[in-house]
Amino acid sequence: QKRGICGKIKAQFLTPRWESIVLQTTHPSVYGAETPSPPHVLMMTPVFNDWPSLTVLLEKLDLELAAHGISADILAVDDGSSIPPIGSLNPAKLTAIHNISVLRLKRNLGHQRAITIGLAYAEANLKADVVVVMDSDGEDTPIDVIRLIHTCASTNYQKIIFARRSQ
């Protein structure tokens, strides 16, 4: 299964049916003034009713990103969940994650379509040098995100990289 995408992505779809919620953290960048400008990272994950798992992932991801001097924004694609996300997401506790956006789809379209719509939304509405797509259910680990970002940087962001997991 394909689990991570890094690079600039262009996607299109016919009928956008979403609303967007943005939660913004108030933390300063983890980068010092003397550090060269890092890439703007966007983490995207589809979610269907499993907001507690996303909360755990964001906390672990925030620790890894901060430990490696990387900051990121999050785009959670709510694939028609019946459970609202806002109560379970607390961006105030995060340091390396600066913004959390929730793209709410009107109905459940499935994992792959949610990713496609999320990528199209990100291309049209968000600024990012690197886009990493990962599941929020705990199968993908935050350290894998760091590896993908470093691999992208080593190729000057010219390649799309898929992390494959053996099953």
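A residue is called buried when its relative accessible area is under 20%, exposed when that area is over 50%, and partly exposed in between. The model shown in these views is predicted.

**View 1. Overview of the chain and its elements.** The protein chain contains 3 helices and 5 strands. Read from the N terminus, these elements follow the order β-β-α-β-β-α-β-α. Of the 167 residues in the protein chain, 44% are buried. Taking the contacts between residues at least 6 apart in sequence, 87% join residues at least 24 apart.

**View 2. Cys152 in helix H3.** Cys152 belongs to helix H3, which spans residues 142-154. The relative accessible area of Cys152 is 0%, which is under the 20% limit, so the residue counts as buried. Pro39 stands 113 residues away from Cys152 in sequence, yet the two C-alpha atoms are 10.0 Å apart in space.

**View 3. Packing of helix H1 against helix H3.** Two packed helices are described by the angle between their axes and the distance between the axes. For H1 (residues 51-67) and H3 (residues 142-154), the angle is about 45° and the axes lie 8 Å apart. Because of this angle, H1 is oblique to H3. The crossing of the two helices H1 and H3 is right-handed. On the H1 side, the contact is made by Leu57, Lys60, Leu61, Glu64 and Leu65. On the H3 side, Pro142, Ile143, Val145, Ile146 and Ile149 take part. Sorted by kind, the residues of this contact of H1 with H3 are 8 nonpolar and 2 charged, with no polar ones.

**View 4. The largest nonpolar core.** In soluble globular proteins, nonpolar side chains tend to be buried together. The largest nonpolar core of this model has 26 residues. Met43, Leu54, Leu65, Ile97 and Ile149 have the most contacts inside this core. Two or more residues each come from strand S2 (41-47), H1, strand S3 (72-78), strand S4 (97-105), strand S5 (130-133) and H3. Which element gives the largest share of this core? The answer is H1, with 6 residues. Setting aside neighbours within four places in sequence, Leu65 is in contact with Ile70, Ala72, Ala96, Ile97, Ile146 and Ile149. Another core, of 15 residues, lies apart from the largest one. Leu42, Ile115, Ala122 and Ala128 are among the residues of this other core.

**View 5. Ala114 in helix H2.** Ala114 is part of helix H2, which covers residues 111-125. With a relative accessible area of 0%, Ala114 is buried.

**View 6. Gly118 in helix H2 and Leu105 in strand S4.** Gly118 is found in helix H2, whereas Leu105 sits in strand S4. Is Gly118 buried or exposed? Its relative accessible area is 0%, so Gly118 is buried. Leu105 has a relative accessibility of 6% and therefore counts as buried. When neighbours within four places in sequence are left aside, Gly118 is in contact with Met44, Leu75, Val77 and Leu103. Between the C-alpha atoms of Gly118 and Asp79, which are 39 residues apart along the chain, the separation is 9.9 Å.

**View 7. Asn49 in the loop between S2 and H1.** Most residues other than glycine have a negative phi, and most peptide bonds are trans. Asn49 has a positive phi of about 65°, although it is not a glycine. The loop that holds Asn49 runs between S2 and H1. What is the relative accessible area of Asn49? The value is 22%, so Asn49 is partly exposed.

Note on methods. Residues are numbered from 1 along each chain as its sequence is written. This is a predicted model: local features need pLDDT of at least 70, side-chain atom pairs count only at pLDDT 80 or more; totals for chains, interfaces and linings use all residues. Side-chain values use heavy atoms; hydrogens and water are left out. Axes are lines fitted to C-alpha atoms, for helices over the stretch in contact, and angles run from 0 to 180 degrees between N-to-C directions. Helices (H or I, at least four residues) and strands (E, at least two) are DSSP runs, numbered from the N terminus. Angles under 35 degrees count as roughly parallel, over 145 as roughly antiparallel, 65 to 115 as roughly perpendicular and the rest as oblique. A crossing is left-handed if the near helix is turned anticlockwise from the far one by less than a right angle, and right-handed if clockwise. Contact means heavy atoms within 4.5 Å. Ala, Val, Leu, Ile, Met, Phe, Trp, Tyr, Cys and Pro count as nonpolar, Asp, Glu, Lys and Arg as charged, and the others, Gly among them, as polar. Buried means under 20% relative accessible area, exposed over 50%, partly exposed in between (1.4 Å probe, protein chains only). A nonpolar core is a set of buried Ala, Val, Leu, Ile, Met, Phe, Trp, Tyr and Cys residues joined through side-chain atoms within 4.5 Å.
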